[in-house]
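Welcome! Have a look around, then read on.

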Amino acid sequence: MKPATWPRESPLAERLLVVDPRCDCTADRAVGDLSAFVRAGDLVVVNDAATLPASLSGQTAQGEPVELRLLASRDGSWRAIVFGAGDWRARTEDRAPAPHLAAGDELGFAEDLRARVSSVDARSGRMITLRFDSEGDRFWSALYRHGRPVQYSYVAGPLSLWHVQTPFASRPWSSEMPSAGRPLAWELVLAMRARGVRFASITHAAGLSSTGDAELDGALPLRESYDVPSATAKAIAATRAQARGGRVIAVGTTVVRALESATAGTKARHGTVTAGSGETDLVVGRGHALRVVDAIFTGMHEPGTSHDALLQAFAPRDLLVRAFRGAQARGFLGHEFGDSMLVGAGVLGDQRP
(Lines give C-alpha, C1' and ligand atoms only; values in the text may rest on other atoms or scores of the structure.)
Protein backbone atom coordinates (compact mmCIF):
# COMPACT_ATOMS: atom_id res chain seq x y z
CA MET A 1 0.00 0.00 0.00
CA LYS A 2 1.32 3.43 -0.91
CA PRO A 3 2.17 5.58 2.11
CA ALA A 4 0.77 9.01 2.78
CA THR A 5 3.90 11.10 2.50
CA TRP A 6 2.73 14.17 4.42
CA PRO A 7 -0.03 15.18 6.86
CA ARG A 8 -3.20 15.95 4.92
CA GLU A 9 -5.20 19.15 5.38
CA SER A 10 -8.66 17.62 5.93
CA PRO A 11 -8.55 14.62 8.29
CA LEU A 12 -12.33 14.16 8.18
CA ALA A 13 -12.16 13.70 4.39
CA GLU A 14 -9.64 10.88 4.73
CA ARG A 15 -10.94 7.42 3.93
CA LEU A 16 -12.37 4.92 6.39
CA LEU A 17 -12.59 1.18 5.76
CA VAL A 18 -15.26 -0.44 7.94
CA VAL A 19 -14.79 -4.18 8.51
CA ASP A 20 -17.56 -6.21 10.14
CA PRO A 21 -16.94 -9.94 10.72
CA ARG A 22 -20.56 -10.47 11.78
CA CYS A 23 -21.75 -9.96 8.21
CA ASP A 24 -18.39 -10.83 6.61
CA CYS A 25 -18.52 -7.52 4.78
CA THR A 26 -16.81 -4.15 4.43
CA ALA A 27 -17.78 -0.59 3.56
CA ASP A 28 -15.81 2.32 2.13
CA ARG A 29 -16.57 5.57 3.94
CA ALA A 30 -14.86 8.78 5.13
CA VAL A 31 -13.44 9.39 8.61
CA GLY A 32 -16.07 12.11 9.02
CA ASP A 33 -18.72 9.36 8.85
CA LEU A 34 -17.40 7.64 11.97
CA SER A 35 -20.16 9.07 14.16
CA ALA A 36 -22.69 7.02 12.15
CA PHE A 37 -21.08 3.79 13.37
CA VAL A 38 -21.24 4.54 17.09
CA ARG A 39 -24.29 4.70 19.34
CA ALA A 40 -25.39 6.16 22.65
CA GLY A 41 -23.71 4.36 25.51
CA ASP A 42 -20.51 3.50 23.63
CA LEU A 43 -17.19 4.43 25.19
CA VAL A 44 -14.30 5.53 22.96
CA VAL A 45 -10.89 5.18 24.61
CA VAL A 46 -7.97 7.20 23.23
CA ASN A 47 -4.24 7.24 23.94
CA ASP A 48 -3.31 10.69 25.28
CA ALA A 49 0.48 10.17 25.06
CA ALA A 50 2.30 13.06 23.42
CA THR A 51 5.08 12.28 20.95
CA LEU A 52 8.64 12.95 22.07
CA PRO A 53 11.40 14.50 19.96
CA ALA A 54 12.90 11.03 20.23
CA SER A 55 15.57 11.24 17.52
CA LEU A 56 18.95 12.62 18.63
CA SER A 57 21.96 13.05 16.35
CA GLY A 58 25.41 13.09 17.88
CA GLN A 59 28.73 11.28 18.02
CA THR A 60 30.79 8.92 20.12
CA ALA A 61 33.87 10.03 22.06
CA GLN A 62 35.89 8.84 19.03
CA GLY A 63 33.90 11.12 16.70
CA GLU A 64 31.79 8.41 15.04
CA PRO A 65 28.33 9.69 14.01
CA VAL A 66 25.31 8.17 15.73
CA GLU A 67 21.58 8.65 15.82
CA LEU A 68 19.65 7.54 18.89
CA ARG A 69 15.94 6.79 18.76
CA LEU A 70 14.67 6.82 22.32
CA LEU A 71 12.33 4.03 23.37
CA ALA A 72 11.36 4.50 26.99
CA SER A 73 12.47 6.05 30.26
CA ARG A 74 12.57 4.30 33.61
CA ASP A 75 14.18 5.42 36.87
CA GLY A 76 16.18 8.12 35.11
CA SER A 77 17.59 5.79 32.44
CA TRP A 78 16.50 5.49 28.81
CA ARG A 79 16.43 2.59 26.39
CA ALA A 80 17.33 3.49 22.81
CA ILE A 81 18.10 2.06 19.40
CA VAL A 82 21.42 3.17 17.88
CA PHE A 83 21.88 3.94 14.18
CA GLY A 84 25.08 4.76 12.35
CA ALA A 85 25.78 7.61 9.91
CA GLY A 86 22.84 9.06 7.98
CA ASP A 87 19.35 10.17 8.82
CA TRP A 88 15.66 9.48 8.12
CA ARG A 89 16.11 10.01 4.36
CA ALA A 90 17.56 6.50 4.11
CA ARG A 91 15.43 3.43 4.83
CA THR A 92 16.14 2.07 8.30
CA GLU A 93 17.33 -1.25 6.85
CA ASP A 94 19.79 0.61 4.59
CA ARG A 95 21.42 2.70 7.30
CA ALA A 96 25.12 2.41 8.02
CA PRO A 97 25.98 -0.01 10.84
CA ALA A 98 25.93 1.46 14.31
CA PRO A 99 29.32 1.94 15.96
CA HIS A 100 30.27 -0.67 18.54
CA LEU A 101 29.29 0.56 21.99
CA ALA A 102 30.00 -0.76 25.47
CA ALA A 103 29.01 0.14 29.00
CA GLY A 104 30.75 3.35 30.05
CA ASP A 105 31.02 4.86 26.56
CA GLU A 106 30.08 8.52 26.26
CA LEU A 107 27.82 10.02 23.62
CA GLY A 108 27.55 13.72 22.84
CA PHE A 109 24.60 15.47 21.20
CA ALA A 110 25.18 19.11 22.20
CA GLU A 111 27.11 21.08 24.81
CA ASP A 112 24.14 20.76 27.15
CA LEU A 113 23.13 17.19 26.27
CA ARG A 114 25.48 14.25 26.80
CA ALA A 115 24.93 10.67 27.93
CA ARG A 116 26.80 7.59 29.14
CA VAL A 117 25.96 4.03 28.05
CA SER A 118 24.83 1.88 31.00
CA SER A 119 24.41 -1.44 29.20
CA VAL A 120 24.13 -3.04 25.77
CA ASP A 121 21.37 -5.57 25.03
CA ALA A 122 22.73 -9.07 24.40
CA ARG A 123 20.29 -9.68 21.51
CA SER A 124 21.56 -6.75 19.50
CA GLY A 125 24.40 -4.33 20.05
CA ARG A 126 22.07 -1.66 18.71
CA MET A 127 19.70 -1.58 21.69
CA ILE A 128 21.25 0.15 24.67
CA THR A 129 20.40 1.66 28.03
CA LEU A 130 21.89 5.06 28.80
CA ARG A 131 21.70 7.88 31.30
CA PHE A 132 21.87 11.57 30.37
CA ASP A 133 24.12 13.94 32.29
CA SER A 134 21.29 16.31 33.17
CA GLU A 135 17.85 15.75 34.64
CA GLY A 136 14.62 17.54 35.41
CA ASP A 137 13.92 20.81 33.61
CA ARG A 138 17.47 21.04 32.25
CA PHE A 139 17.18 17.66 30.55
CA TRP A 140 13.71 18.22 29.09
CA SER A 141 14.66 21.67 27.79
CA ALA A 142 17.75 20.24 26.10
CA LEU A 143 15.84 17.28 24.64
CA TYR A 144 13.17 19.51 23.11
CA ARG A 145 15.82 21.92 21.85
CA HIS A 146 17.98 19.31 20.10
CA GLY A 147 15.70 16.33 19.43
CA ARG A 148 13.60 15.73 16.33
CA PRO A 149 10.59 13.51 15.69
CA VAL A 150 11.35 9.98 14.54
CA GLN A 151 10.43 9.71 10.86
CA TYR A 152 10.98 7.46 7.87
CA SER A 153 12.16 7.77 4.29
CA TYR A 154 8.69 7.77 2.69
CA VAL A 155 7.90 11.15 4.27
CA ALA A 156 8.30 14.06 1.85
CA GLY A 157 10.32 16.35 4.11
CA PRO A 158 11.47 17.09 7.67
CA LEU A 159 8.64 16.93 10.18
CA SER A 160 8.04 19.40 12.98
CA LEU A 161 7.04 18.08 16.38
CA TRP A 162 3.52 19.46 16.02
CA HIS A 163 3.04 17.31 12.89
CA VAL A 164 3.20 14.18 15.05
CA GLN A 165 0.83 15.09 17.88
CA THR A 166 -2.75 13.86 18.13
CA PRO A 167 -5.61 16.09 19.32
CA PHE A 168 -5.42 14.29 22.68
CA ALA A 169 -1.67 14.67 23.30
CA SER A 170 -0.81 15.20 26.96
CA ARG A 171 2.08 13.41 28.69
CA PRO A 172 5.30 13.11 26.61
CA TRP A 173 5.67 9.33 26.57
CA SER A 174 5.69 8.11 22.96
CA SER A 175 8.66 7.43 20.70
CA GLU A 176 6.34 7.70 17.71
CA MET A 177 2.91 9.21 17.34
CA PRO A 178 0.01 7.01 18.54
CA SER A 179 -1.35 7.81 15.11
CA ALA A 180 -4.79 6.18 15.24
CA GLY A 181 -6.13 9.24 17.07
CA ARG A 182 -4.62 11.74 14.62
CA PRO A 183 -7.69 12.18 12.34
CA LEU A 184 -10.20 12.55 15.19
CA ALA A 185 -10.74 16.28 14.80
CA TRP A 186 -12.68 18.03 17.55
CA GLU A 187 -15.77 18.54 15.38
CA LEU A 188 -15.98 14.76 14.95
CA VAL A 189 -15.52 14.18 18.67
CA LEU A 190 -18.32 16.67 19.39
CA ALA A 191 -20.59 14.97 16.84
CA MET A 192 -19.99 11.64 18.56
CA ARG A 193 -20.67 13.16 21.97
CA ALA A 194 -23.94 14.54 20.61
CA ARG A 195 -24.95 10.94 19.87
CA GLY A 196 -24.39 9.99 23.50
CA VAL A 197 -20.89 8.55 23.05
CA ARG A 198 -18.46 9.09 25.91
CA PHE A 199 -14.69 9.42 25.78
CA ALA A 200 -11.95 8.25 28.14
CA SER A 201 -8.18 8.03 27.92
CA ILE A 202 -5.19 5.91 28.80
CA THR A 203 -1.51 6.75 28.35
CA HIS A 204 0.63 4.23 26.50
CA ALA A 205 4.22 4.78 25.37
CA ALA A 206 3.95 3.91 21.68
CA GLY A 207 7.30 2.52 20.59
CA LEU A 208 9.19 2.37 17.31
CA SER A 209 7.55 0.77 14.29
CA SER A 210 10.89 -0.19 12.73
CA THR A 211 14.46 -0.51 13.96
CA GLY A 212 16.23 -1.61 10.78
CA ASP A 213 17.39 -4.76 12.59
CA ALA A 214 15.57 -7.91 11.48
CA GLU A 215 15.91 -9.62 14.86
CA LEU A 216 14.69 -6.59 16.80
CA ASP A 217 11.86 -5.96 14.33
CA GLY A 218 10.78 -9.56 14.78
CA ALA A 219 10.44 -8.92 18.52
CA LEU A 220 8.20 -5.86 18.11
CA PRO A 221 6.31 -4.59 19.98
CA LEU A 222 8.87 -4.30 22.76
CA ARG A 223 7.94 -3.83 26.42
CA GLU A 224 6.13 -0.49 26.79
CA SER A 225 4.78 1.54 29.70
CA TYR A 226 1.11 2.27 30.19
CA ASP A 227 -1.17 4.00 32.67
CA VAL A 228 -4.91 3.42 33.08
CA PRO A 229 -6.55 6.17 35.19
CA SER A 230 -9.20 5.21 37.72
CA ALA A 231 -11.70 7.39 35.83
CA THR A 232 -11.22 5.25 32.72
CA ALA A 233 -11.56 1.98 34.64
CA LYS A 234 -14.80 3.30 36.16
CA ALA A 235 -16.07 4.47 32.76
CA ILE A 236 -15.53 1.00 31.30
CA ALA A 237 -17.35 -0.62 34.23
CA ALA A 238 -20.25 1.83 33.81
CA THR A 239 -20.39 1.09 30.08
CA ARG A 240 -20.68 -2.63 30.79
CA ALA A 241 -23.35 -2.06 33.45
CA GLN A 242 -25.81 -0.48 31.01
CA ALA A 243 -28.95 -2.50 30.30
CA ARG A 244 -28.22 -2.45 26.56
CA GLY A 245 -24.52 -2.94 27.04
CA GLY A 246 -22.41 -0.21 25.49
CA ARG A 247 -19.32 -1.06 23.49
CA VAL A 248 -15.72 -0.20 24.28
CA ILE A 249 -14.04 1.12 21.13
CA ALA A 250 -10.26 1.42 21.25
CA VAL A 251 -8.52 4.11 19.23
CA GLY A 252 -5.34 2.34 18.22
CA THR A 253 -3.47 -0.84 18.99
CA THR A 254 -1.76 0.78 21.99
CA VAL A 255 -5.13 1.23 23.70
CA VAL A 256 -5.96 -2.43 23.09
CA ARG A 257 -2.66 -3.56 24.60
CA ALA A 258 -3.01 -1.27 27.63
CA LEU A 259 -6.60 -2.27 28.44
CA GLU A 260 -6.07 -5.97 27.81
CA SER A 261 -2.93 -5.85 29.99
CA ALA A 262 -4.89 -4.15 32.76
CA THR A 263 -7.27 -7.15 32.90
CA ALA A 264 -4.53 -9.79 32.86
CA GLY A 265 -5.84 -11.48 35.99
CA THR A 266 -9.23 -12.43 34.56
CA LYS A 267 -10.46 -14.77 31.85
CA ALA A 268 -13.96 -13.29 31.72
CA ARG A 269 -15.10 -11.75 28.43
CA HIS A 270 -16.02 -8.51 30.18
CA GLY A 271 -13.34 -8.58 32.83
CA THR A 272 -12.68 -5.84 35.35
CA VAL A 273 -10.09 -3.28 34.29
CA THR A 274 -7.64 -2.47 37.07
CA ALA A 275 -6.49 1.14 37.23
CA GLY A 276 -2.78 1.77 37.59
CA SER A 277 0.56 1.88 35.81
CA GLY A 278 2.70 -0.91 34.47
CA GLU A 279 4.73 -2.26 31.59
CA THR A 280 3.43 -4.68 29.00
CA ASP A 281 4.90 -7.01 26.42
CA LEU A 282 1.46 -8.46 25.68
CA VAL A 283 1.07 -9.60 22.08
CA VAL A 284 -2.56 -9.63 20.99
CA GLY A 285 -3.44 -11.66 17.92
CA ARG A 286 -5.46 -14.51 16.48
CA GLY A 287 -6.74 -16.72 19.27
CA HIS A 288 -6.50 -13.97 21.90
CA ALA A 289 -9.83 -13.76 23.73
CA LEU A 290 -10.51 -10.04 24.07
CA ARG A 291 -11.64 -9.23 27.60
CA VAL A 292 -12.37 -5.51 27.30
CA VAL A 293 -12.38 -4.09 23.79
CA ASP A 294 -15.22 -4.68 21.31
CA ALA A 295 -13.99 -2.73 18.27
CA ILE A 296 -10.93 -0.83 17.13
CA PHE A 297 -10.42 2.36 15.14
CA THR A 298 -6.91 2.28 13.72
CA GLY A 299 -4.70 2.93 10.72
CA MET A 300 -4.26 0.70 7.68
CA HIS A 301 -2.08 -2.27 8.63
CA GLU A 302 -0.50 -4.48 6.00
CA PRO A 303 -0.86 -8.27 6.27
CA GLY A 304 2.08 -9.82 8.06
CA THR A 305 2.82 -6.94 10.43
CA SER A 306 2.43 -7.11 14.21
CA HIS A 307 -0.40 -4.58 14.03
CA ASP A 308 -2.22 -6.71 11.47
CA ALA A 309 -1.79 -9.71 13.75
CA LEU A 310 -3.52 -7.76 16.52
CA LEU A 311 -6.49 -7.08 14.23
CA GLN A 312 -6.99 -10.84 13.93
CA ALA A 313 -8.36 -10.75 17.47
CA PHE A 314 -11.25 -8.70 16.03
CA ALA A 315 -11.83 -10.34 12.64
CA PRO A 316 -10.73 -13.46 10.71
CA ARG A 317 -7.50 -13.16 8.77
CA ASP A 318 -9.11 -13.95 5.40
CA LEU A 319 -11.61 -11.11 5.81
CA LEU A 320 -8.85 -8.69 6.82
CA VAL A 321 -6.70 -9.68 3.84
CA ARG A 322 -9.63 -9.26 1.44
CA ALA A 323 -10.49 -5.91 2.99
CA PHE A 324 -6.91 -4.67 2.83
CA ARG A 325 -6.36 -5.76 -0.77
CA GLY A 326 -9.62 -4.15 -1.84
CA ALA A 327 -8.68 -0.91 -0.09
CA GLN A 328 -5.25 -1.00 -1.70
CA ALA A 329 -6.82 -1.39 -5.15
CA ARG A 330 -9.09 1.59 -4.41
CA GLY A 331 -6.17 3.83 -3.53
CA PHE A 332 -6.23 3.89 0.26
CA LEU A 333 -3.01 5.23 1.81
CA GLY A 334 -0.97 3.71 4.62
CA HIS A 335 1.38 4.60 7.49
CA GLU A 336 0.94 7.25 10.18
CA PHE A 337 -0.60 9.92 7.95
CA GLY A 338 -2.68 7.41 6.01
CA ASP A 339 -6.30 6.28 6.02
CA SER A 340 -8.18 4.47 8.78
CA MET A 341 -10.08 1.28 9.60
CA LEU A 342 -12.93 0.48 11.99
CA VAL A 343 -13.01 -3.24 12.81
CA GLY A 344 -15.48 -5.05 15.03
CA ALA A 345 -18.46 -7.38 15.06
CA GLY A 346 -21.67 -5.48 14.31
CA VAL A 347 -20.05 -2.10 13.55
CA LEU A 348 -21.90 -1.85 10.23
CA GLY A 349 -25.27 -2.57 11.82
CA ASP A 350 -27.96 -1.67 9.29
CA GLN A 351 -25.46 0.15 7.06
CA ARG A 352 -24.37 -2.89 5.11
CA PRO A 353 -23.25 -2.13 1.56
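## Ground rules and an exposed loop residue

Buried means under 20% relative accessible area, exposed means over 50%, and partly exposed lies in between (1.4 Å probe, protein chains only). By that scale Glu-111, at 82% relative accessibility, counts as exposed. Glu-111 lies in the loop between strand E8 (106-110) and strand E9 (113-120). Helices (H or I, at least four residues) and strands (E, at least two) are DSSP runs, numbered from the N terminus. How far apart are Glu-111 and Phe-332 in sequence and in space? They are separated by 221 residues in sequence and by 45 Å in space, C-alpha to C-alpha.

This is a predicted model, in which local features need pLDDT of at least 70 and side-chain atom pairs count only at pLDDT 80 or more, while totals for chains, interfaces and linings use all residues. Residues are numbered from 1 along each chain as its sequence is written, and side-chain values use heavy atoms, with hydrogens and water left out.

## Aromatic rings

A pair of aromatic rings is described by the distance of the centres and the angle of the planes. Here, rings of Phe, Tyr and Trp (its six-membered ring) pair if their centres lie within 6.5 Å; planes under 30 degrees apart count as stacked, over 60 as edge-to-face and the rest as tilted. A search of the whole structure turns up eight aromatic pairs. One of them is the tilted pair of Trp-78 and Phe-139, with 5.8 Å from centre to centre and 45° between the planes. Trp-78 belongs to strand E7 (residues 77-83) and Phe-139 to helix H1 (residues 136-146), so this pair ties together parts that are 61 residues apart in sequence. Trp-78 is buried, with a relative accessible area of 5%, and Phe-139 is buried, also with a relative accessible area of 5%.

Next come Tyr-152 and Tyr-154: their ring centres are 6.2 Å apart and their planes are at 15°, so the pair is stacked. Both Tyr-152 and Tyr-154 are buried. Elsewhere, ring pairs link Trp-78, Phe-109, Phe-132, Phe-139, Trp-140 and Tyr-144 into a cluster.

## An arginine over two rings

A charge sits over a ring if NZ of Lys or CZ of Arg is within 6 Å of the ring centre and within 35 degrees of the ring normal. Arg-69 has its charged end over the ring of Phe-83, 4.4 Å from the centre of that ring. Arg-69 also lies over the face of Tyr-152, at 5.5 Å from the ring centre.

Cys-23 and Cys-25 are the residues joined, with an S to S distance of 1.8 Å. Which hand does this disulfide have? The torsion about its S-S bond is about -65°, so the disulfide is left-handed. Cys-25 is buried, with a relative accessible area of 15%.

Asp-24 lies in the loop between strand E1 (15-20) and strand E2 (25-30). Asp-24 has a phi near 55°, a positive value in a residue other than glycine, and it is partly exposed, with a relative accessible area of 43%. His-335 gives another example, with phi near 70°. His-335 is found in the loop between helix H7 (317-329) and strand E17 (340-344), and at 39% relative accessibility it counts as partly exposed.

## Helix H2 and its two faces

An α-helix has 3.6 residues a turn, so residues three or four places apart point the same way. In helix H2 (residues 186-194), the residues Leu-188, Val-189 and Met-192 are buried. They cover an arc of only 100° around the axis (taken from the directions from the helix axis to the C-beta atoms), which puts them on the same side of H2. The face turned away from this buried side carries the exposed residues Glu-187, Leu-190 and Ala-194.

What do the buried residues of H2 pack against? They pack against strand E3 (43-47) and strand E12 (198-204), where contact means heavy atoms within 4.5 Å. After H2 comes Gly-196, whose phi is positive, near 90°.

Technical notes:
A disulfide is a pair of cysteine sulfur atoms within 2.5 Å.
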